[in-house]
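This report looks at one helix and its surroundings, then at the aromatic rings.

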Amino acid sequence: MSWTDERVETLKKLWQEGHSASQIAKTLGGVTRNAVIGKVHRLGLSGRAAPSQPARPLYKPAKPPRPAAQATPAPQPVARRVAVEPVATRPVAQVPAISSIEGPGTATVLTLGAKMCKWPIGDPSSDEFTFCGRRASDGIPYCVEHSRVAYQPQQKKKKDTGTDLSRSLRRYL
């Protein structure tokens, strides 16, 4: 498709009337929307008379009218007290605060504090499950005794010797 003088004039006229590139392409026939846009830019056409309008008007439902402003403020909600019945569960024994003098295994999930040893003692599925509960070291979740168990010193690595290398290479030869 070539741009004849007649087609270029039609393009200019439709562009100035505010038609979209798609509408112009349909009117001219044999060109795409992108071809029309490219030609418009090459011709240096600017400014349009009016923005393009859709072929049919869009239906917009009417908005309901706003209610008039009321002079009285809306009532504030009133707080209500609701009686809550306790759920049937086994009673939870109140355990006194654990001091650092007491032995391990005296803290429960409910009594475990921030600076108490969190080392688990027993089976978590049993009723006798507890935590150590002694005073924990600063920044560590365990007491001194359990820290020794939890944090093992790093083992020193053996130096590789030539015999180890030759032994491992014999496997492949």
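The buried residues of α2 pack against α1 (5–17) and α3 (33–43). Contact here means heavy atoms within 4.5 Å, and buried means under 20% relative accessible area, exposed over 50%, partly exposed in between (1.4 Å probe, protein chains only). Helices are DSSP runs (H or I, at least four residues), numbered from the N terminus.

This is a predicted model, in which local features need pLDDT of at least 70 and side-chain atom pairs count only at pLDDT 80 or more, while totals for chains, interfaces and linings use all residues. Residues are numbered from 1 along each chain as its sequence is written, and side-chain values use heavy atoms, with hydrogens and water left out.

Helix α2 covers residues 21–28, and its buried residues are A21, I24, A25 and L28. Seen down the axis of α2, these residues fall within an arc of 100 degrees, so they line one face of the helix; the arc is taken from the directions from the helix axis to the C-beta atoms. K26 and T27 are exposed, on the face turned away from the buried side. After α2 comes G29, with a positive phi near 70 degrees.

Rings of Phe, Tyr and Trp (its six-membered ring) pair if their centres lie within 6.5 Å; planes under 30 degrees apart count as stacked, over 60 as edge-to-face and the rest as tilted. By this rule there are three aromatic pairs, including these:

| Pair | Type | Centre to centre | Angle between planes |
|---|---|---|---|
| F129 and F131 | edge-to-face | 5.2 Å | 70 degrees |
| Y142 and Y151 | tilted | 6.2 Å | 50 degrees |

F129 and F131 are both buried. Y151 counts as partly exposed, because its relative accessibility is 47%. One aromatic cluster is formed by W119, Y142 and Y151.

Notes: Helix = DSSP H or I, 4+ residues; strand = E, 2+ residues; numbered from the N terminus.
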